Amino acid sequence: MMDTQTLYDLDIFPRDAVGRSVYEMIHCFTLTTGGKEALQRRMLQPTFDASQVRQAQQTVRFLLQHLAAWKQSFSAQEMKYLEEYFHSNLTPLEEVDVLHRWWYRWQYASDYAFIQSSIQRVAVFIRKLFAFVDMPGHQAAEILNDVHRICDSLYTADQNGWLTAAADHTLNSHQVFYLDHFIRVLHKTQFISLLQAFYTLDALFACAEATQVYHFTFPVLTDPGQKLELRGLYHVFLPEGIRNDVHFDQRHPFIFLTGPNMAGKSTFLKACGIAVYLAHLGMGVPAREAVIPIFDGLFTDIYITDRVEQGYSYFFSEVRRIQELAEQLKAGKRMFILIDEMFRGTNVRDAYDCSLAVASRLAALHNSYTLFASHLTELAHALQSVDTIRFCYFDASVRNQQPYFNYRLREGVSDVRLGQVILRQQGVLDLLDQGIAVARNEQDTTG
């Protein structure tokens, strides 16, 4: 499953008006508003069903091979015209005698012209779509099979063959009245289903194009409990950034990550989470190589906020968040878990005790993998005897009174503390000292 907090933590959707998001990186490749909406629905609730995840990747792989043909066959403007026709408030025409047809053409000339040209666009659209989905190997994608079936049934229902002819020839009034009734009344449900299927294809092709444009790698999808390995992993927002490797397996299902502020822990957590998330969409992932097991869910605890309207303190909100995870695990869900600085809403001693209690239990899970980041190096030292935990860190150093970060993941535990260095480097302490001096001068002047 996928919850709102995890989507928020991983920046899948924008958190504010200026924030970047994974969705925005992909939806720019869609042709239609309907395609954007289909993509949004898909990204809001990615599947964690093993067969569906594999099918999704197989489909995106297949569509990637035909991306150029897709972009040549359909355009955003063409689809806009079709949508205007399908959603117009014009009363559908009915088969009537010649006199009534003549009267309508004279009385409602602009409406008639719109309907006539729209029918021709529909005919061209169906012909191109049918030819596109009739390509060899289309059985690899269920959505292509659906489109193929709908198009075939429409051609079969049109016993006059006028829908086919309309793609190449100007229609007479009899054909216009017949086909408008055929499209918007008799077979309206099928045409709307076809449009919805196109939107789904639009979303999937956006996933395929994003995989190509951003040079993502299709992961090897394995069964739950198998190893998770990402080589050359990077955050999607930082394609030129430092790349790192990460590995989980049943012997070491828990990675404890340390390092000072700004060293890259949170970014790395997000990079791992986004890679696993994209894999479950059937897309490629931002890594050189990837082996990813199919999980039952993805869970994050990164940006917890208090819930004032419910009377929850920050700490209680943190507790409730871990409770949500515990309920998933109790239900037998195999999860990929990302936790950053647990229990920040209480004092250091309390945070240590609570974090130790939770971390030691998560480390005992062999069917779920946990990436746990913390500043509490004392906590890492307390857990070093747990053989299911691997310890990694991002290093940092001070050069000429300036903090330096290399953003490379290493084995071990970091005890580096840079808080005061960063305070001084930003001039915060000097500013405070100057403020104190100003206050004293004012006191002496008025005293």
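Me: Which residues of strand β4 are buried on one side, and which on the other?

Reply: This is a predicted model, where local features need pLDDT of at least 70, side-chain atom pairs count only at pLDDT 80 or more, and totals for chains, interfaces and linings use all residues. Residues are numbered from 1 along each chain as its sequence is written, and side-chain values use heavy atoms, with hydrogens and water left out. Buried means under 20% relative accessible area, exposed means over 50%, and partly exposed lies in between (1.4 Å probe, protein chains only). Both faces of β4 are covered, with F254, F256 and T258 buried on one side and I255 and L257 on the other.

Me: How many residues of strand β4 are buried?

Reply: β4 spans residues 254-258. Strands are DSSP runs of E with at least two residues, helices are runs of H or I with at least four, and both are numbered from the N terminus. β4 is mostly covered, and the buried count is 5 of 5.

Me: In β8, what is the bridge partner of F256?

Reply: Two strands pair if DSSP finds at least two bridges between them. Here 4 bridges join β4 to β8 (residues 369-373), and the two strands run parallel. Within β8, F256 is partnered by F372.

Me: At roughly what angle do the axes of α4 and α12 cross?

Reply: Two packed helices are described by the angle between their axes and the distance between the axes. Axes are lines fitted to C-alpha atoms, for helices over the stretch in contact, and angles run from 0 to 180 degrees between N-to-C directions. The axes of α4 (residues 50-65) and α12 (residues 188-213) come within 9 Å. They cross at roughly 75°.

Me: Which word describes how α4 lies relative to α12?

Reply: Angles under 35 degrees count as roughly parallel, over 145 as roughly antiparallel, 65 to 115 as roughly perpendicular and the rest as oblique. The crossing angle is roughly 75°. So α4 is, relative to α12, roughly perpendicular.

Me: Which residues in α12 does α4 meet?

Reply: Contact means heavy atoms within 4.5 Å. On the α4 side are T59, V60, L63 and L64. In α12 they meet L201, L204, F205, C207, A208 and Q212.

Me: Where does D296 lie, and where does R334 lie?

Reply: D296 forms a salt bridge with R334 (a side-chain nitrogen of Lys or Arg within 4 Å of a carboxyl oxygen of Asp or Glu). The closest N and O atoms are 3.0 Å apart. The pair ties together parts that are 38 residues apart in sequence, because D296 lies in the loop between β5 (289-293) and β6 (297-301) and R334 in the loop between α14 (314-330) and β7 (335-340).

Me: How many residues apart are D353 and R349?

Reply: D353 forms a salt bridge with R349, with the closest N and O atoms 3.2 Å apart. R349 is exposed at 54% relative accessibility, whereas D353 is partly exposed at 35%. Both lie in helix α15 (residues 348-362), about one turn of the helix apart, and the separation is 4 residues.

Me: How many salt bridges does the structure hold?

Reply: Another of them joins R149 and D146, with the closest N and O atoms 3.8 Å apart. For the structure, the number of salt bridges is 16.
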